[in-house]
Structures are given as structure tokens and as C-alpha cells.
Amino acid sequence: MVSERRTLLADAALDVLADEGVRGLTHRAVDRRAALPPGTTSAYFRTRAALLTGLVSRLVQLDQAELQAIAEDFPPIRTAEQLVDGMVLLTRLRLTGEGRRRSLARYACTVESVRDPELREILVPRENAGREAVRLFLAGQGVTDVENRTHTLLTCIDGLVFDRLVNGGEVPREPLEGLVAAALR
């Protein structure tokens, strides 16, 4: 029950952050969003730092589950075109619906993590099926320095998602093709 309540509150906090930004993230706002009595959030997350930590932990959990699901639905990547197809899907998921809300919350938390080493540690890119698929593809293509190229490629995609969140629209296929071509050089 306690873990279910913490998850409910972390999800509500994620929604508050996505809708109202960092300044709007308060214990009371989370109580309202979760439709729970005042004081409930502070009983589970005593401080704002604890609330942010719970929110970020939940965000990472949701992101990891999404990446795992994508990897399970996608066949092994054998061509650059297939890798670009996967990136198009990922950027679309990160820019629409719940994925958009998580992206907004993730970037807000990333800025907060500059001053909070605990948040930064939780947000550090994790090993996941998507990262591994990119790494395996690049290695299979004979790319040297696979770790750095994987990191650079995924960081550039993250930047494109951020740009589209701020400026609207979706990530066009062409820049993704260019990033994959550059990673293969």
C-alpha cells in the first residue's frame, strides 16, 4: 500500500511539474492532483528534495519501461535505415501524449539536477535496451569508439527532442539520418 501511494504521488508530481513547471511543484499541488487530503504528500515525501527525488525515480522507471517496450517490439537493427526508424519512433513518443509530459518533466528535473547531485545521479543515462541496440549496431558496422559515438548520437537526439518541445513540431527524419551517417563515419 505504501509503495502504491508513493507511486500515485510521484505520478501526480510528474503531472504537476509537466503542467505548472518547477515553481508549481508543491506538496499541496500534488495533493490536489492526486485527489488526496491535504498533507498526504508531505507524509510520504517530507521535503521538497524528497518529493523531487521520488518524482525523478519514477520518471526514470517509466522511461526505462518505455525503452524496453520499444526494444521488444523492434527487430534487431541491421541497417542505418532501421536505426533511423527507431529514432523517429522514439522522438515521436517523446513529443506526444504522456511521453511529452515526461519529457517536459525530465528537462525541468535535469536543470534542477545541476544543483542537486542526488538528482543528477538518478538521471544519469542508464543502460537500457535502446542504448544497447544502438551500441550493438554501431559495433557491428565496425565503428571505433562505440561508447562515445553511442553517447554522442543519443545526446544529439535528446537535443532535437528538447528543441521541438520548445519550438513545436516533430523531429524531421533528415537530421536523424544525418546523425546516424555521422556516427557511422
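Helix axes here are lines fitted to C-alpha atoms over the stretch in contact, with angles running from 0 to 180 degrees between N-to-C directions. Helices are DSSP runs (H or I, at least four residues), numbered from the N terminus. The model is predicted, so local features need pLDDT of at least 70 and side-chain atom pairs count only at pLDDT 80 or more, while totals for chains, interfaces and linings use all residues. Residues are numbered from 1 along each chain as its sequence is written, and side-chain values use heavy atoms, leaving out hydrogens and water.

**Helix packing**
- Helix H5 (residues 80-95) and helix H6 (residues 97-113) have axes that come within 5 Å and cross at roughly 80°.
- That makes H5 roughly perpendicular to H6 (65 to 115 degrees).
- Contact (heavy atoms within 4.5 Å) joins Leu93, Arg94 and Leu95 in H5 to Gly99, Arg100, Ser103 and Arg106 in H6.

**Salt bridges**
- The structure holds 17 salt bridges (a side-chain nitrogen of Lys or Arg within 4 Å of a carboxyl oxygen of Asp or Glu).
- Arg135 pairs with Glu147, with the closest N and O atoms 2.8 Å apart.
- Arg135 sits in helix H8 (residues 129-140) and Glu147 in helix H9 (residues 146-167), so this pair ties together parts twelve residues apart in sequence.
- Arg135 is buried at 11% relative accessibility, whereas Glu147 is partly exposed at 47% (buried means under 20% relative accessible area, exposed over 50%, partly exposed in between, with a 1.4 Å probe and protein chains only).
- Glu98 and Arg101 form another salt bridge, at 4.0 Å between the closest N and O atoms.
- A salt-bridge network links Glu98 and Arg101 with Asp15, Asp19, Glu20 and Arg33.

Definitions and conventions: Helix = DSSP H or I, 4+ residues; strand = E, 2+ residues; numbered from the N terminus. Parallel < 35°, antiparallel > 145°, perpendicular 65-115°, else oblique.
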